[in-house]
Amino acid sequence: MSLDAVSPERIGDTGVLRWPGTWRVYVATRSEEIRADAERALTLGEGPGHFVSVGEGIGTHLARAESYARSRHGLRRWLTGHAVEGAWSNVNSATVMLYGVLPTPELCGRATEVLAIGRAYLPGDDPRLVQLQARVAAGDLGEGDRPLMQAVLRAAYTAQAMESGRVRSFRNLLLGGVLMLSAIVFGLVTVGAIWPDAVPMCGNQSVVQAQGLMPAQICPTGGHRPGHGD
């Protein structure tokens, strides 16, 4: 059984990546990897028996991820991360579902990969992570560990999304600060250019003037009074 049989739309035939963004390439590549692994697992026919529903779910998530990656998005979606998070959320969900149909030997072989992902995003005392570490250390992984691996992946991907959200919020805060400061500077420059006396840029040289060496004011343009060019 293949994903073509359980999903009406095959991703990868929906067009080329037309819009810039390295994340789009990663999403497209990862989607193809998941699809290939899922088709192979479904063909082998090992593991749980709900292959059709899982295959449909994987195909749906990959279709949504590719849709996000292949569509053009405006400034608001860029600021909120709607496109990026939407694509990766579906890719990650498809990955978790993939672990539900992988053959048992391959599932056990990927335990260290799941463990590495969990360690990257989960606290060291997370009970799911601790239990998986113990199972990997014992070397007796089996079919019964499938839900545990999926739980670790799901929790790690959720933590990753929250971390990305915090970074994005900080980025937006910095951008907002830059725009606000730029507006203030632009306003001061405009006022100073129209009304030079309102924002004088000249330096007071009264002490030097008393010695008869220089005028009372030195302005950036070389004049003795504020000017439009200052």
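Biologist: In which helix is Leu148 found?

Modeller: The model before us is a predicted one. Leu148 belongs to helix α9.

Biologist: Is Leu148 buried or exposed?

Modeller: Burial is judged from the relative accessible area, and under 20% a residue counts as buried. Leu148 has a value of 10%, so it is buried. Apart from residues up to four places away in sequence, Leu148 touches Arg128, Gln131, Leu132 and Arg135.

Biologist: What does Leu175 contact, its neighbours within four places in sequence left aside?

Modeller: Leu175 is in contact with Trp78 and Leu79. Leu175 also has its place in helix α9, but it counts as partly exposed, at 34% relative accessibility. Leu175 and Leu79 are 96 residues apart in sequence, while their C-alpha atoms are 9.9 Å apart in space.

Biologist: How many aromatic pairs does a search of the whole structure find?

Modeller: The search finds zero aromatic pairs.

Biologist: Which residues are buried in helix α7?

Modeller: The general idea comes from helix geometry: an α-helix has 3.6 residues a turn, so residues three or four places apart point the same way. In α7, which spans residues 111–121, the buried residues are Ala111, Val114, Leu115, Ile117 and Gly118. They lie on the same side of α7, because they cover an arc of only 165° around the axis.

Biologist: What does the face of α7 turned away from its buried side carry?

Modeller: That face carries the exposed residues Thr112, Arg119 and Ala120. As for the buried residues of α7, they pack against α6 (104–109), α8 (127–138) and α9 (146–194).

Biologist: With which residues is Val136 in contact, leaving aside its neighbours within four places in sequence?

Modeller: Val136, which lies in helix α8, is in contact with Ala111, Thr112, Leu115 and Leu141. Ala111 and Leu115 are among the buried residues of α7, whereas Thr112 is exposed. Val136 itself is partly exposed, with a relative accessible area of 23%. Val136 and Ala111 are 25 residues apart in sequence and 7.0 Å apart in space, C-alpha to C-alpha.

Biologist: How many helices and strands does the protein have?

Modeller: There are ten helices and two strands. Along the sequence they follow the pattern α-α-α-α-α-α-α-α-α-β-α-β. Of the 230 residues, 33% count as buried. Among contacts with a separation of 6 or more, 68% come from residues 24 or more positions apart.

Biologist: Where does UniProt place the feature "transmembrane region"?

Modeller: The unreviewed UniProt entry places this feature at residues 173–195. In the model, that span is 96% helix and 0% strand, and its end C-alpha atoms lie 33 Å apart. The label comes from the record, and such annotations may be inferred rather than shown by experiment.

Biologist: Over which residues does pLDDT stay under 50?

Modeller: Where pLDDT is low, the predicted coordinates should not be read in detail. Here it stays under 50 over residues 5–14, for which the model has 19 contacts beyond four places in sequence. The protein as a whole averages a pLDDT of 83, and 81% of the residues score at least 70.

Technical notes
Residues are numbered from 1 along each chain as its sequence is written. This is a predicted model: local features need pLDDT of at least 70, side-chain atom pairs count only at pLDDT 80 or more; totals for chains, interfaces and linings use all residues. Side-chain values use heavy atoms; hydrogens and water are left out. pLDDT is the predictor's confidence in each residue, from 0 to 100. Contact means heavy atoms within 4.5 Å. Rings of Phe, Tyr and Trp (its six-membered ring) pair if their centres lie within 6.5 Å; planes under 30 degrees apart count as stacked, over 60 as edge-to-face and the rest as tilted. Buried means under 20% relative accessible area, exposed over 50%, partly exposed in between (1.4 Å probe, protein chains only). Helices (H or I, at least four residues) and strands (E, at least two) are DSSP runs, numbered from the N terminus. The arc is that of the directions from the helix axis to the C-beta atoms.
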